[in-house]
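Q: I'd like a close look at one interface in this model, please. Take me through it with the cut-offs spelled out.

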Amino acid sequence: MSVGAIRIGAIVRKELRDYRRNRFVILTMSITPIIFIIAPVIQILTISAATTSTRLDQRIGISLLYMLLIPAIVPASLAAYSVVGEREQGTLEPVLITPIRSEEFLLGKALAVLLPTLGISYAIFGIFLACTALFAHAAVVSAVFEGSHLLTQLLFTPLLAGWSIWVGIAISTRSSDVRVAQQLGTLASLPPLGIAALVSFNVLTPSLWLALAVAAGLLIVDGLGWRAVAVMFDRERLITGRRPDQPTTVPDRAAPTQDVSHTGEPQMSATLIVRREGKFGIELRRGRFDITVDGTSIGGIDNHETVETNLEPGHHSLRLNSGRYTSRNRVFDVAGGEVLNFRCHGASIWPTYVASIVKPDLAIALKRT
Amino acid sequence: MTTSVAQQGPALVVEHLTKRFGDRVAYEDVGFEVGHGEVFGFLGPNGAGKTTTVRTLGTLIAPTSGTASVAGLALIPGNGQAIRERISVMPEAPGLYLRLTVAENLACFAGLYELSDQAARIAAALKAVNLTDRADDPCRTLSKGLRQRVGLARALLNDPSVLFLDEPTSGLDPVAAREVHELIDDLRQRGVTIFLTTHRLAEAERLCDRVAILNTTVLSIGRPDELRNRLFKRTLTVRTRVPLTNPDDVFAGHPSVEAWRLERPAVYVLTVSHPEVAAPDVVRALVAASADVLTIAESQHSLEDVYLELVDEDVEASHR
């Protein structure tokens, strides 16, 4: 597959121009690194000459870990904004109508976030090294300027940024809310730092081969991330909010009010009550849920709403969905006159929300009460 | 550009095109052809499926069934990029980058079309919409009408074979709307094929060579005058200074007059097959009857009458 450098360049230039004039972006990109350089510099400058080598390694490890937080955290918010933000502003449709391919659009977005991230991360690391060289004890300087530390920083900065960017863009292509996308993006950018932390704290013995192996792993993940996000990038879904040929929310239909048994005799119907109330009132997965009983949509339910419908006595199934995201399928038997209560809510904690991207039936909790 | 290939057949051919979102039908069994250089109006009430049709033909949405060709290329997944190179779509909301200047917005899209002479194309597009002097203004400082013009300039950048305009005057004041109409007129002179969706009937009547009236399905297609003649009988309206003493004697005896009725005192509406034949006959009869004729004119049914007739019929049929 060939990609058009001119089209990618057009996206990168546009994004960089937009960043320069966006106060939020400037603040995000300047304040976070400043915060992350204060602590490590204090750590380094307060190490005394008498500190043991174990303690020295530990404190340097912590300081360098701060340096790696910058490329992981700074791009996460911007990457998570990249697609859903354009969608919210109404600027996505005109771009998607041009000949640009999904891969080109995504690569342009990623590079536009990567370039300032690398610039800031290396600049901050340079300031850190300069402060160390100028003001720290000779033993500290010698330890900080050790080859493996420098290599770790140089190699891992772009690779961690790449991870954060692709995860952020992936979330952005699937999210319908900028704030949720940004929070998730920041959270999802952190896991690879675990390995970096293990290296920085000398739990894993830092070596050239280890650094290269982990770097190669991250490089592969970054490359796959680009392709995976391109597959997830569905123009129709982004424009209409629906997947192609997916059932959509249909106008509410009146639930059957009179039930008739197989013998034709009127029977007392059962009542199904579905109440939507999130834990602590918080829902990360929001929007209207479709209610499907026995495979047929009977309407929708919004937050804090209660929906009631009559059911014929017997065996039934109940499921809620919002696009591709669903609840588990609940199967139950009900007798005439019985009242069944179900409570539902969208995923309300981050781990469940993130997991539902992979396993969509975790997105909506549905429990019999 | 691949204009020579595109001009071998009609600019747009749509056959039995249907789009469903689950149970909801966006549009169904839509079919029409649009010739090169034609301004084709796509009329319909809100929710009729106009924008979804444009998005489908613009390769953003896959149809559920049916076939189409756009700018000479079959509407199939493999042709998406090639089709988008040949067309332009101006969505209802122009979707500009508000922190960027007008020229920077256009430069971004010139890059996306991989235009070789970007500066010249941008200058030409700005000139076409009379915005040369606003090129360096940030888009956030522009009025809605000016933003719409920037959107139109952006749509002209790639010199499209087919230009889709989705409600181009929606939300504009009459002056701004008139400016957009003039731009569309200018594009027509330049031979650009235009697919115009609108629910402004006067706009369609003024700008379009042919129109299709859509309400999920295509209710009728034709030139505005054809649609009028198809739906409404032709009539002459006669006004006299005082009511005629015996109008039946005056109007009923002429073979060119099929029927007549009194609309209000001293105003008569005559149903005729050929107004140009009937009018002199009727004038002669009125003079012979010593009537003081104030006016005699052919009644004009507007496209709005046609539209309302068709849409009302469709609504009634769906309720039956």
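How many salt bridges does the rule find across the interface of chain B and chain A?

A: The rule finds 6 salt bridges there, counting a side-chain nitrogen of Lys or Arg within 4 Å of a carboxyl oxygen of Asp or Glu. A quick word on the ground rules: this is a predicted model, where local features need pLDDT of at least 70 and side-chain atom pairs count only at pLDDT 80 or more, while totals for chains, interfaces and linings use all residues. Residues are numbered from 1 along each chain as its sequence is written, chains are lettered from A and ligands numbered from 1 in the order in which they are written, and side-chain values use heavy atoms, with hydrogens and water left out.

One of those bridges joins B:Glu114 to A:Arg7, with 3.2 Å between the closest N and O atoms. Across the interface of chain B and chain A there are also 10 residue pairs in polar contact, both residues at pLDDT 80 or more (a pair of N or O atoms within 3.5 Å; within protein, one must be able to donate a hydrogen and the other to accept it, and residues adjacent in sequence count only if both atoms are side-chain atoms).

Now for the chain B side. The elements giving two or more residues to the face that touches chain A are β1 (12-21), α3 (80-86) and α4 (102-112) of chain B; helices (H or I, at least four residues) and strands (E, at least two) are DSSP runs, numbered from the N terminus. Of these, α4(B) gives the most, with 5 residues. Sorted by class, this side has 14 nonpolar, 6 polar and 11 charged residues, where Ala, Val, Leu, Ile, Met, Phe, Trp, Tyr, Cys and Pro count as nonpolar, Asp, Glu, Lys and Arg as charged, and the others, Gly among them, as polar.

As for extent, 31 residues of chain B are in contact with 35 residues of chain A, contact being heavy atoms within 4.5 Å. Chain B and chain A bury about 3,300 Å² between them, and 58% of that is on carbon and sulfur atoms; buried area is the accessible area (1.4 Å probe) that two parts lose on being put together, summed over both. In chain B, the residues losing the most area to chain A are B:Leu60, B:Arg99 and B:Leu112, together 24% of what that side buries.
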